[in-house]
Amino acid sequence: MATMTQSGEKESDMTGPREAKNLIAGEWKDAASGARFDSVNPANTQEVVGTAPDSDERDVDAAVRAAKAAFPAWSKLSWVRRGEILDNFAQLIKRDTEAMSRLVTRECGKPINEGRADVIESLHMVQFAAALGRLPIGECISSEIPEKDAYIRRKPKGVVACISPWNFPMAIPLWEMTPSLVSGNTVVLKPSEETPICADYLFRLMAEAGFPPGVINIVHGQGETAGAPLVAHPDVDVVLFTGSYQVGKIVQRQAAAEAHKFVATEMGGKNALIVLDDADLNIAVPAALLSAFKTSGQRCVTSNRLIVDRKLVDRFQEQFLEMVDRIKIGDGLREDVFMGPLINDGGVKKFLHHNAKAKEEGATVLRDGGALTDGDYANGHFVKPFVYRMEYRPNTFCLREEAFSPHVAIIPVDGVEQAVEVYNDTDYGLAMAVVTEDYRKWRYVRDHADYGLGYVNLPSIGAEVHLPFGGVKNSGNGHPSAEGLIDAVTHRTAFTVNHAREIVMAQGLSTKI
Ligand code: NAD
């Protein structure tokens, strides 16, 4: 078993395979079946980053029972005390930032600057939740009757099941878990089967930080055999899901089968950068590059669509392609790499499928993408950017469906109204960015486009934990992550106290008996 990484620990200690375990009721455990699965480096699939328990409903049941048993004592602690334990956790993330960042890159392929950003965002999330422990939570408000005091209090809901994707393997589990924990819930995490070792690292730090047994539980495994029984478990009160729309809608249906169960789903996107006729190309071109190709196009907020005013589309296209041709592709541990591999073979297949569909649908191909399979690329899931130009037609597959890869369309439009019409022609509504110098135009986009995250003169990517993060339509069901999740994991209860010696009711209701 790999030992906890301390700052200054030798690099060699971090590069051997790590053996993840489930944490249930404070004990590190294998799956009841004894089965394990490998997690490999997508830049070099011959490197096993670690192995993890392949859990089933027995492990899930044990974890949910542990979380349920720990709830009464944990929820009785003050917000301040729970915040202090989160603060211990924050100190440990600071200590291990570099080792954690390298692990993110090795396990999910993101370039190291993105691995670091994932860990820094994790730290910010833990700091934010810890700080909530000392902020005024709840309200005291005046009643209609002067002798009464009315309070709005936040009560934890109980056991929170957290299901996370692979692309932010440190930050997203913490978006879900930390607001839940500080407000007094207990949690069971089912992390992505692509990144179990990152999740294991987080849990080893959380155990070291002093969370009592049963308050934090993790069950590794596959979606159908570990995720589905967690969503279905009758003792789970809240499900926080982040992942694809295809799985999110299954999770929503399953959770809706039980009346008391609440589900928040954060799902995919078919985002866009809109470049209007007065745009500064010094902003528009790099913003387009960052929106389309950061994380190799595998962010929920990735822009697969660049909607560009016809008046400047040719100049934009020329400068954009010049930058695309300078992108360095390779193992993300190299500091000069801009694009790492895709996560797995399925990701490559999806990329190639979307590219083929675009060709079928009449795309003018500008850069032909394709898989990279020779030399340094031979053992990884590397691909080149696919860039095309296409006149807009409603209901076009490649302009409407999430590709989750470096697949990007340049779509010429005439004016801001058409730009928004094209932007809205998808069932998703997550992230939108607009590049313009004209406040009337960005205001038009702000008020007419469907999105949860809007940006002006910026790329469509980027999150700060003290802002809600989420989308509309098929991108989310209205319960954004990070800061936004406090509302999902607490009940706002009304509590009224009478200080008079008689009963006086609101609305003039008679008390005569
Ligand atoms: P995914 O939907 O394949 O998996 C997400 C999680 O769900 C994994 O832990 C998986 O094991 C689990 N799962 C799978 N089937 C399940 C089932 N039947 N019941 C319960 N759990 C199940 O997504 P992914 O490939 O890990 O991540 C990529 C997707 O996530 C993209 O669509 C991306 O846009 C989206 N995403 C959204 C956000 C957001 O905040 N909106 C953030 C990151 C990623």
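Me: What is the mean pLDDT of the chain?

Reply: This is a predicted model, in which local features need pLDDT of at least 70, side-chain atom pairs count only at pLDDT 80 or more, and totals for chains, interfaces and linings use all residues. Residues are numbered from 1 along each chain as its sequence is written, and side-chain values use heavy atoms, with hydrogens and water left out. pLDDT is the predictor's confidence in each residue, from 0 to 100. In this chain 97% of the residues reach 70 or more, and the mean is 95.

Me: How far apart do the C-alpha centres of domain 1 and domain 2 lie?

Reply: The chain is divided into domain 1 (21-36 + 137-267 + 476-494) and domain 2 (271-456), with bounds that come from an automatic or database domain assignment. The contact takes eight residues from domain 1 and eight residues from domain 2. The C-alpha centres of the two domains are separated by 32 Å.

Me: Which residues lie nearest the centre of the largest pocket?

Reply: On a 1 Å grid over the protein atoms alone, a pocket is an open set of points where a 1.4 Å probe fits, with protein on both sides within 12 Å along at least five of seven lines; lining residues have an atom within 4 Å of a point. The largest pocket holds about 1100 Å³ of space, a volume being the space filled by probe spheres set on the points, with grid points joined across faces, edges and corners. Its lining divides into 18 nonpolar (Ala, Val, Leu, Ile, Met, Phe, Trp, Tyr, Cys and Pro), seven charged (Asp, Glu, Lys and Arg) and 15 polar residues (the others, Gly among them). Of the 40 lining residues, those nearest the centre are Trp166, Phe241, Gly243, Ser244 and Val247.

Me: Is Thr178 buried or exposed?

Reply: Thr178 is found in helix H5 (residues 171-182); helices (H or I, at least four residues) and strands (E, at least two) are DSSP runs, numbered from the N terminus. Leaving aside neighbours within four places in sequence, Thr178 is in contact with Leu86, Met125, Val126 and Ala129. Buried means under 20% relative accessible area, exposed over 50%, partly exposed in between (1.4 Å probe, protein chains only). At 0% relative accessibility, Thr178 counts as buried.

Me: In which helix is Phe203 found?

Reply: Phe203 has a relative accessible area of 0%, so Phe203 is buried. Beyond four places in sequence, its contacts include Leu23, Trp28 and Met177. Phe203 belongs to residues 196-209, helix H6.

Me: How far apart in space are Ala431 and Ala272, C-alpha to C-alpha?

Reply: Ala431 is found in strand E21 (residues 431-435) and counts as buried at 0% relative accessibility. Among the residues that Ala431 touches, not counting those up to four places away in sequence, are Asn271, Ala272 and Val301. Ala431 and Ala272 are 159 residues apart in sequence, and their C-alpha to C-alpha distance is 7.0 Å.

Conventions
Contact means heavy atoms within 4.5 Å.
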